[in-house]
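Here is a briefing on selected local features of one protein model. Keep the sequence and the 3D view open while reading.

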Amino acid sequence: MKQKRIKTIAASLILVMSICSACGQENKMTVSENASGPAVQDEPSAPAKTALTPGYYPRYYNDRCLYVSDWETGVYQYSLDGKNETHIDLDDNIGGIWVTDEWLYYIGSSDDSAEESGTIWRVPLKKQGEKTAPDEPGKETVSTKNKEKMADVELGKWGDFLNVTDTYVAYTYKKSICRLDLKNKKVKNITEGIKFAAANSHFPHMMTDATLNPYVKNDLSFFYDKQGKLYRLDLKKGVCKQADPLLQKNGVASRICSDEEHLYFGTSEISEGGITRYDIESNTAENIVPGTDIENLLKEADPWNYKENSADWIAYTSFVYNGRLYMSIELMWENEEDEPDEEGAIPGPHYADLVISCQAEDGSGLTYEKELSECMYREGEQFLHGDFDHGNWFDETGYVRGLIGNYAIVTTTANEESDKFAWVFYDLETGRHHTVKSGDDERYLLYYFGDTDY
């Protein structure tokens with residue numbers, strides 16, 4: 001999570017599996033009410049539940065263990081309760097990894113140079129014993145003696161894994177999306193002839209989640225071409241087709257999320273864009289929250305002196321919980337300081353996030369989630385003018401990273417190197433929240449977001 005702000009037409013999508021059916025609600029906007037629970041003071045001692053089930057497609061874990069690359073020559077294996085840790089030496093320099101029930105896939109090379117050739121390997125996972133209770137961690141062993149070579153790649157042109165199933169491995173490579181057939185080990189460029197839009201990430205053209213991992217669900221993914229056309233890609237069939245014209249017309253903001261049947265995303269217009277719901281099966285879209293409704297809610301709540309600062313905003317969807325769609329609203333306003341710093345750089349604009357929610361079914365019941373929003377400020381301190389510089393812009397808050405069980409996971413700033421950075425677990429049922437430190441038992445849960453640096 002080294003970079004928060006993605007200003008290109010990239011997209012994020014958080015996959016939330018624990019979705020309850022939407023319930024009806026009167027169509028009104030609320031400022032003081034919190035749909036996520038009553039206002040409760042911060043309780044640092046309140047522990048998160050162990051064995052929480054992440055709501056994401058399994059990239060780093062199966063039903064027995066969690067794996068984290070050390071980005072050197074191996075991986076760390078954790079039991080799903082985070083209590084048992086084993087380091088496994090894979091005898092290679094390790095890049096991206098992916099775990100299934102049967103295999104650990106990784107990109108590796110025998111040389112540190114990015115110009116050297118690399119290999120997609122897979123290592124068999126051997127299950128040890130059976131679980132005797134639902135909350136008992138499983139066990140498995142990893143043996144490199146039987147590792148299997150899958151395909152050769154050039155490291156300087158390798159992106160990362162996109163999806164892995166029992167029949168194929170999809171990955172980004174040479175500004176394309178490739179599909180490795182696991183039966184015959186043949187590799188096919190399934191986006192041949194398409195020129196992608198450019199951006200600064202491993203997935204410059206993919207719709208991604210908030211941790212910049214690409215969105216994949218039921219073998220389906222999305223990407224933009226260089227002309228800004230939005231495509232949906234069936235990774236299983238290797239077939240591309242343009243998405244619904246409404247998506248193309250509105251554009252797509254990043255941090256997109258989904259439930260079982262729909263995608264939810266903020267449209268890309270600054271201070272005007274609303275929220276659109278996209279039906280995955282029928283390839284159709286509809287606007288469910290007008291931008292004017294968001295604007296009216298911001299004026300009424302007036303967070304961060306919204307009206308006085310003449311802030312612009314853009315809406316990003318974060319997750320769906322109990323039939324409600326939670327959205328992160330990014331405010332942007334000019335920095336009044338125009339004097340250059342010691343290095344001669346002119347301070348850039350301020351950014352601050354807050355959270356609103358609505359019924360996912362129809363966009364009704366738009367609500368300002370005040371207590372959840374305030375978790376983004378370090379220990380409740382609303383430092384309106386930040387004293388830390390991230391390049392040429394200032395970030396006053398963190399943002400919502402996603403959902404694990406009942407907990408919304410938020411950060412207090414975007415920069416992990418800042419002394420104001422912290423991870424906060426916010427219980428959507430009770431409103432209670434606590435800061436997670438590196439020694440806490442639930443620290444391992446953050447690995448489900450791909451974080452390894454805290």
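A polar atom of the R64 side chain lies 2.7 Å from the backbone oxygen of D101. The side chain of R64 also makes a polar contact of 3.2 Å with the side chain of D63. R64 sits in the loop between β1 (13-15) and β2 (65-69). Its relative accessibility is 6%, so R64 counts as buried, the cut-off being under 20%. The model is predicted.

**Open sheet**
- Four strands make up an open sheet, ordered β10-β11-β12-β13, with antiparallel pairing.
- β10 (158-164) and β13 (187-189) are the edge strands; each has a single partner strand, so one side of each lacks a neighbour in the sheet.
- From one strand to the next, the twist averages 25 degrees.
- β10 and β11 (residues 168-173) run antiparallel and are joined by four bridges.
- F161 has Y171 in β11 as its bridge partner.

**Aromatic pairs**
- How many aromatic pairs does the structure hold? There are 11.
- One of them is F319 with Y326, a stacked pair at 4.8 Å centre to centre and 20 degrees between the planes.
- F319 and Y326 are both buried.
- F421 and W423 pair edge-to-face, at 5.8 Å centre to centre and 90 degrees between the planes.
- F421 has 6% relative accessibility, so this residue counts as buried.
- W423 is buried too, with a relative accessible area of 0%.
- W158, F161, Y171 and Y173 are linked into a cluster by ring pairs.

**Charges over rings**
- Which residue lies over the face of W103? R122 does, at 3.7 Å from the ring centre.
- K147 lies over the face of W121, and the distance to the ring centre is 4.2 Å.

- K185 is not a glycine, yet its phi is positive, near 60 degrees.
- K185 belongs to the loop between β12 (176-181) and β13.
- Is K185 buried or partly exposed? K185 is partly exposed, because its relative accessible area is 34%.
- D302 is another residue other than glycine with a positive phi, about 50 degrees.
- The loop between α2 (291-301) and α3 (306-309) holds D302.
- D302 has 28% relative accessibility and therefore counts as partly exposed.

Key
Residues numbered from 1 in each chain as written. Predicted model: local features only at pLDDT ≥ 70, side-chain atom pairs only at ≥ 80, totals over all residues. Heavy atoms only, no water. Pairing = 2+ DSSP bridges. Helix = DSSP H or I, 4+ residues; strand = E, 2+ residues; numbered from the N terminus. Axes fitted to C-alpha atoms, helices over the stretch in contact; angles between N-to-C directions. Buried < 20%, exposed > 50% of the residue type's maximum accessible area, 1.4 Å probe, protein only. Polar contact = N/O pair within 3.5 Å; in protein donor to acceptor, adjacent residues only side chain to side chain. Phe/Tyr/Trp six-rings, centres within 6.5 Å; stacked < 30°, edge-to-face > 60°. Lys NZ or Arg CZ within 6 Å of the ring centre and 35° of its normal.
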